Amino acid sequence: MTKTVLTGVLGAAVLALGASTASAATLDDVKAKGFVQCGVSQGLPGFSNPDADGEWSGMDVDLCRGIAAAIFGDATAVKFTPLSAKERFTALQSGEVDVLSRNTTWTMSRDTQLGLNFAGVNYYDGQGFMIRTDMNINSALELSGASICTNTGTTTELNVADYFRANNMEYELVAFEKADEVVAAYDAGRCDVYTTDQSGLYAQRLKLTDPGAHKVLPEIISKEPLGPVVRQGDDQWFNIVKWVHFATLNAEELGVTMANVEEMKESDNPSIRRLLGTEGEFGSDIGLENDWAAKAIAAVGNYGEIFDRNVGPDTELAIGRGVNALWSQGGLQYAPPIR
């Protein structure tokens with residue numbers, strides 16, 4: 001996911017537009033129109049993917065539904081805008097979407113040059129490679145001379161260049177704007193290798209003509225912390241998106257689920273009471289009712305439920321928690337306390 005380079009008058013205009021849009025209260029705009037406009041992928045199973053009826057599902061989708069539930073008490077008060085990797089940041093800067101929840105990697109350049117803020121990491125990932133099993137290759141270090149399919153406008157292009165240069169290997173890059181174009185090109189044999197975030201490889205493999213004829217190599221060549229993005233200049237909206245995510249993590253740690261959230265409001269545990277809004281005033285500072293987190297959890301569940309429902313071991317993707325386990329279980333997922 002390469003950084004977007006904004007230069008000259010056009011770049012200045014885009015940044016100025018993003019700043020002016022964010023200076024208005026996004027929450028007020030969202031309430032006025034009655035829904036959250038959420039930028040998502042163009043179809044990535046497990047993260048943001050529409051079914052035959054146009055109903056969206058996935059981890060990134062659930063975050064958007066959680067935000068809508070926290071604001072409106074209604075997880076359906078959200079509309080989805082599918083965006084390519086190339087166009088996603090411009091759509092957010094221009095105000096076309098209120099939040100970008102689209103398997104987007106948090107990098108320094110994106111965080112400091114585009115007028116945007118990352119509101120957390122909802123999936124720790126890393127870039128990998130997928131090949132056909134009949135190539136009899138077991139390591140990415142055997143890929144010298146290969147043609148490699150990927151998306152334009154992504155950090156994967158830079159990561160591939162770094163990896164192959166560091167290992168004195170040559171390659172040919174075959175890049176497309178849309179994810180489905182990359183999948184189709186790889187499936188048709190226009191390249192030897194498909195590279196993207198490893199979670200994406202497992203998801204996109206489901207779209208291939210014969211998924212079983214392909215395998216993901218073991219190497220992880222990058223850090224890809226994926227998370228939601230908002231415009232700079234509106235701390236209230238930044239806090240809402242950030243703390244809805246944190247609420248799902250705290251809920252899992254505290255044992256609060258979709259099924260027991262109402263019952264848990266009667267808990268004697270102060271941390272649970274603050275999370276669910278029965279103690280303290282933790283909604284007013286972000287412009288919401290005190291039970292904002294309870295509404296979000298009731299709608300989409302805690303982080304573990306969201307993970308298991310969309311990408312976990314019992315889904316087609318069958319991804320283990322790994323580094324996305326809670327910090328208390330050996331993973332990296334950790335949320336500040338509500339207090």
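This is a predicted model: local features need pLDDT of at least 70, side-chain atom pairs count only at pLDDT 80 or more; totals for chains, interfaces and linings use all residues.
Residues are numbered from 1 along each chain as its sequence is written, and side-chain values use heavy atoms, with hydrogens and water left out. In brief, there are 2 cavities of 30 Å³ or more and 2 disulfides.

**Cavities**

- A search of the whole structure turns up 2 cavities of 30 Å³ or more; a cavity here is a set of points, on a 1 Å grid over the protein atoms alone, where a 1.4 Å probe fits but cannot get out.
- The largest cavity comes in at about 200 Å³, where a volume is the space filled by probe spheres set on the grid points, which are joined across faces, edges and corners.
- What lines the largest cavity? There are 20 lining residues, and Arg102, Asn103, Asn151, Ala179 and Thr196 sit nearest its centre; to count as lining, a residue needs an atom within 4 Å of a point.
- β9 (146-151), β11 (193-197) and α8 (198-205) each bring at least two residues to that lining; helices (H or I, at least four residues) and strands (E, at least two) are DSSP runs numbered from the N terminus.
- Sorted by class, the lining of the largest cavity has 12 polar, 5 nonpolar and 3 charged residues. Nonpolar covers Ala, Val, Leu, Ile, Met, Phe, Trp, Tyr, Cys and Pro, charged covers Asp, Glu, Lys and Arg, and polar takes the others, Gly among them.
- The second largest cavity holds about 60 Å³ of space, and its lining is made of Met59, Asp62, Leu63, Asn122, His245, Thr248, Tyr303 and Ile306.
- α3 (59-72), α9 (235-254) and α13 (303-310) each put at least two residues into the lining of the second largest cavity, with α3 giving the most, at 3 residues.

**Disulfides**

- The structure has 2 disulfides, each being a pair of cysteine sulfur atoms within 2.5 Å.
- Cysteine 38 and cysteine 64 make one of them, with their sulfur atoms 1.8 Å apart. Cysteine 38 is in strand β1 (residues 36-40) and cysteine 64 in helix α3, so the bond ties together parts 26 residues apart in sequence.
- Cysteine 149 is joined to cysteine 191, S to S 2.0 Å. This pair links distant parts of the chain, 42 residues apart: cysteine 149 is in strand β9, and cysteine 191 is in the loop between α7 (179-187) and β11.
- The torsion about the S-S bond of cysteine 149 and cysteine 191 is about -115°, so this disulfide is left-handed.
- Cysteine 149 is buried at a relative accessible area of 0%, and cysteine 191 is buried at 1%.
- Count the bonded cysteines in sequence order and the pairing reads 1-2, 3-4.

**Strand β11 and its partners**

- Is β11 enclosed or open? In β11, 5 of the 5 residues are buried, so the strand is largely enclosed by the rest of the structure.
- Strand β8 (residues 127-132) pairs with β11 in the antiparallel sense over 5 bridges; pairing requires at least two DSSP bridges between two strands. Glycine 128 has threonine 196 as its bridge partner in β11.
- β9 and β11 run parallel and are joined by 2 bridges, and isoleucine 148 has valine 193 as its bridge partner in β11.

Technical notes: On a 1 Å grid over the protein atoms alone, a cavity is a set of points where a 1.4 Å probe fits but cannot get out, and a pocket is an open set with protein on both sides within 12 Å along at least five of seven lines; lining residues have an atom within 4 Å of a point. Buried means under 20% relative accessible area, exposed over 50%, partly exposed in between (1.4 Å probe, protein chains only).
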